[in-house]
Amino acid sequence: MTLDEQDLKDGLKFIVGTWEPDFVVSLFSNDLAHIPASEFKSEDGTDFTALKFEFFEDHTMKFVDTAKGTEEAGTWEQIGRIKYKYNVDRFLEVPDGPFKSAVQELEISGGNLVFGLGFLCISMKKTADGIVTEVKEPDIGDLVPSESDLAMKDIVGRYVTYKSFAFIDGKAGAFTKEEIEADCKAKIAAGEMEESDLAEYLSIFDSAVVFTDDHKVEWWMKIPAGVPEEEIQKALEAGEISEVKDGMFLRDTQEWKAVGGKYYYNTEEHRELYDEVQSPWDELVLAADGTIALNEGLTIIKKI
């Protein structure tokens, strides 16, 4: 499995810290009951609470056995979205095989880290967070375009909706106006849809996106039929719309820029992933046929 940057970042934050056995499960038990780690005694009378694992952000770790007064240094790595592997010197004496792999591999389960020890599964809880240095990458909005970036103007122009999201013949995706209209008419004929709803389904194709030379993204919508001129004027005066032209009104204005040889636009959306604020800037890829995919490919616009 290939782990991306976000997987590794999340995995680091999860594991770094101190972990101690929480409960033990015997695979020989009938009900796989969770036995508190403090109650599962070994032959010498000690229990699993004597064990401690400390994982550090530089991928080193420390294994401590407080009952024996021993401490070992080692290393760890993330091998999957919910799997880790650690290594200490004592494993050099253990033959490779299922037993060794089960002890070395840690898997996330129920918010705990679990490893195998023979017929036992030991589930560890995090008792203290470790230190993870936050490295904040500069946001697209903070980057200053170079002279070559400023010269990038191929994106400038007027675009119309070429494809929009729909669910047709059991498939979800981006479809043309003709495809959506044909599907809607078939549903109307079958009594699955009201004819009055057709215009609403096709209204997205009455929109336009303009990338201006001065790095603005203008979103235009067609003024609905039958709207009185006086209502349009009131909307303009109230600031509900900012401009009217050619039977369309300017719905919103955003910003686009080119940095590092790529186009981006500011969606102005507030986004969070695992409680971390994400960039509102999305990349714009201008295809050879003059199309640009928006909304993760659910909408495709085309230059005219």
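I take helices (H or I, at least four residues) and strands (E, at least two) as DSSP runs, numbered from the N terminus. The model is predicted, so I note that local features need pLDDT of at least 70 and side-chain atom pairs count only at pLDDT 80 or more, while totals for chains, interfaces and linings use all residues. Residues are numbered from 1 along each chain as its sequence is written, and side-chain values use heavy atoms, with hydrogens and water left out.

I found histidine 59 in the loop between strand 3 (51-55) and strand 4 (60-65). Its phi is near 70 degrees, a positive value in a residue other than glycine. For burial I use these cut-offs: buried is under 20% relative accessible area, exposed is over 50%, and partly exposed is in between (1.4 Å probe, protein chains only). Histidine 59 is partly exposed because its relative accessibility is 35%.

Aspartate 169 also went on my list, with a positive phi near 50 degrees and not a glycine. I place aspartate 169 in the loop between strand 10 and strand 11 (171-176). At 74% relative accessibility, aspartate 169 counts as exposed.

**Threonine 161.** I looked here next: threonine 161 is in strand 10 (residues 157-168) and is buried, at 10% relative accessible area. I checked its polar contacts (N or O atoms within 3.5 Å; within protein, one must be able to donate a hydrogen and the other to accept it, and residues adjacent in sequence count only if both atoms are side-chain atoms). The threonine 161 side chain reaches the backbone oxygen of isoleucine 204 at 3.1 Å, and a 3.0 Å polar contact joins it to the side chain of serine 207.

**Rings.** What describes a pair of aromatic rings? The distance of the centres and the angle of the planes do. I pair rings of Phe, Tyr and Trp (its six-membered ring) if their centres lie within 6.5 Å; planes under 30 degrees apart are stacked, over 60 edge-to-face, and the rest tilted. My search of the whole structure gave 13 aromatic pairs. Phenylalanine 40 and phenylalanine 48 have ring centres 5.9 Å apart and planes at 40 degrees, so I log the pair as tilted. Tryptophan 76 and tyrosine 84 are edge-to-face, 5.9 Å centre to centre with 65 degrees between the planes. Tryptophan 76 is buried at 4% relative accessible area, and tyrosine 84 is buried at 0%. I also noted a cluster linked by ring pairs, with Trp76 and Tyr84 among its members, including Phe53 and Phe115.

**Salt bridges.** My rule is a side-chain nitrogen of Lys or Arg within 4 Å of a carboxyl oxygen of Asp or Glu. I counted 13 in the whole structure. In one of them, aspartate 7 meets arginine 81, with the closest N and O atoms 3.4 Å apart. That pair links distant parts of the chain, 74 residues apart: aspartate 7 is in helix 1 (residues 5-15), and arginine 81 is in the loop between strand 5 (70-80) and strand 6 (83-88). Aspartate 7 is buried at 14% relative accessibility, whereas arginine 81 is partly exposed at 49%.

I then looked up lysine 187 and aspartate 183, which form a salt bridge at 3.1 Å between the closest N and O atoms. Both lie in helix 4 (residues 177-189), four residues apart, about one turn of the helix. My last entry is a network of salt bridges that links Glu54, Lys62 and Glu71.
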